[in-house]
Amino acid sequence: MGWRTIIEPFRIHSVEPLRLTTEEQRRQALRDTGFNLFGLRAEDVLIDLLTDSGTGAMSSEQWAGIQRGDESYAGSPSWFRFRDAVQELFPFEHVIPTHQGRAAEKILFSVLGGPGKVVPNNTHFDTTRANVEASGAEAVDLVIAEGLDPASTHPFKGNMDTARLAALLEARADDVPVVFVTITNNSGGGQPVSLANLREVRAVCDRFGVPLFLDACRFAENAWFVREREDGQHDRDVADIVREMASLADGMTMSAKKDPLANIGGWLAVRDDTLAEQCRNLLILTEGFPTYGGLAGRDLEAIAQGLREAVDHDYLRYRIRSTAYLGDGLAQGGIPVVQPIGGHAVYIDARSLLPHIPPLQYPGQALAVELYATGGIRACEIGTVMFGRRPDGTEQPAALDLVRLAVPRRTYTQSHIDYVIEVCHDVASRAGQLPGYRIVEQPASLRHFTARFEPLERNVKP
Ligand code: F0G
């Protein structure tokens, strides 16, 4: 230890060629897709930082698991290996496999949601919010104030504001079927939640008799931050910290496409027998039999092995340091990024980098489009495009206008990241010349996936 250079704790065993394109080709691709980066062909992207979801590289042991996968319809040995690996970290009574995280959300909120209900979370991820709202319930975000200040260096900016949670429960506990905490808080900058905060949330939930669930997609990164930043946690094994987080909750929804290092998969886990039965009944309608959910046996194997690798300290040290390397590289050149740097992604504060573009002209979209046009880098707007439209169709600025550079796990090398830093600085040096956008076509919900945009007249800073 003590060396400055980040050593990837793996070597490369099979490679995927990247395709170079010209700026002209990329600008044409943008016009063709209505300036929506979700509409691009992936081979037209050089460095794909759209998401860390399902885009990581599997290990040789995971590929060996793929071969070992047993495809029996019921009771496959792969199912038992998956269930045991999940329960090793999250000792919930019932583990219900799903094809990905949102399927677990859909099932859970179909049972617990509904009109008149309200679900608090530190910050709902987009699909979580959409599933709460699709059930007719209301989704409320109660992250601490520091979590909404991109410049604040609070070590646990994902923490829930327990005073506001208590006030909500005081007023409406009967309408709250479940309290959620997202670890790490993806939509709020990939920021961690402390064990102390989880304990406080638990105490508030107990006071009102409301269950607590984790949206645990990035549990291992969260636990690593706890180990690094929270008093008294420095010598603990990450797996132990994860078990303590689980012990504070009554259940979880999970996407195996994140920290479990798989390309597909997820699960719902609960303690309560009745709730588990209601969820399993829905599972059979849309996902499959309870010993495979929406997954093949081979996927269950990849997840089981990925879970073991996800809590390895050498891996997590590299993971968190390499994301910070990207964030520090941007910040050192004066690009405003959400501080401290999150676990899986770096978030550029587009509202502050592009002050000439008002939120309803989508500064995050403007920046993401230009990063692609300039360097073939695909990032993701997390701002007013994603969150600005209310269920009644009206628009308002989102809390923040961010552009997320999500880092796929074990996929890009340090020189790829050096290139990303160089391109971002080039775009930032021309920030004042970027145009805002307007939406010309959009669906009723989750509009960021398919909306079409048009650049506005160039709004050159004086
Ligand atoms: N919860 C959180 C916090 C997430 O980040 C995601 C997915 C989900 C739930 C849903 O899981 O994709 O398996 O259905 N986040 C991805 C992202 C898509 O890019 O951040 P899923």
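Predicted model: local features only at pLDDT ≥ 70, side-chain atom pairs only at ≥ 80, totals over all residues.
Which residues lie nearest the centre of the largest cavity? They are Glu8, Tyr318, Ser322, Tyr412 and Ile417, part of a lining of 13 residues. Rolling a probe the size of a water molecule over the atoms shows where empty space is left.

**Cavities**
- The structure has two cavities of 30 Å³ or more.
- The largest cavity holds about 150 Å³ of space.
- Helix H12 is the top contributor to the lining of the largest cavity, with four residues, and helix H16 (414-429) also supplies at least two.
- By residue type, the lining of the largest cavity splits into seven nonpolar, three polar and three charged.
- The second largest cavity comes in at about 90 Å³.
- Residues lining the second largest cavity include Asn36, Leu37, Phe38, Gln365, Cys380 and His448; the lining as a whole counts seven nonpolar, three polar and one charged.

**The largest pocket**
- There's about 1300 Å³ of space in the largest pocket.
- Its lining runs to 38 residues, and Glu16, Gly56, Ala57, Arg410 and Thr411 sit nearest the centre.
- Domain 1 (23-52 + 313-455) and domain 2 (60-310) each give at least three residues to the lining of the largest pocket.

- About 870 Å³ of space lies in the second largest pocket.
- It is lined by 35 residues, and those closest to its centre are Arg129, Glu133, Asp141, Phe387 and Arg389.
- Helix H5 (126-134), strand S4 (138-141) and helix H15 (384-387) each bring at least two residues to the lining.
- Here too, domain 1 (23-52 + 313-455) and domain 2 (60-310) each supply at least three lining residues.
- You'll find 18 nonpolar, eight polar and nine charged residues in the lining of the second largest pocket.

**A look at Arg218**
- Arg218 sits in the loop between strand S6 (212-215) and helix H8 (219-229).
- With a relative accessible area of 3%, Arg218 counts as buried, because that is under 20%.
- Setting aside neighbours within four places in sequence, Arg218 touches several residues, among them Asp52, Ile183, Lys258, Asp259 and Arg404.
- The side chains of Arg218 and His344 make a polar contact at 3.5 Å.
- Arg218 and His99 are 119 residues apart along the chain, and their C-alpha atoms are separated by 17 Å.

Technical notes: Residues numbered from 1 in each chain as written. Heavy atoms only, no water. 1 Å grid on protein atoms, 1.4 Å probe; cavity = no way out; pocket = protein on both sides within 12 Å on 5 of 7 lines; lining within 4 Å. Points joined across faces, edges and corners; volume = space filled by probe spheres on them. Domains from an automatic or database assignment. Nonpolar A, V, L, I, M, F, W, Y, C, P; charged D, E, K, R; others polar. Buried < 20%, exposed > 50% of the residue type's maximum accessible area, 1.4 Å probe, protein only. Contact = heavy atoms within 4.5 Å. Polar contact = N/O pair within 3.5 Å; in protein donor to acceptor, adjacent residues only side chain to side chain.
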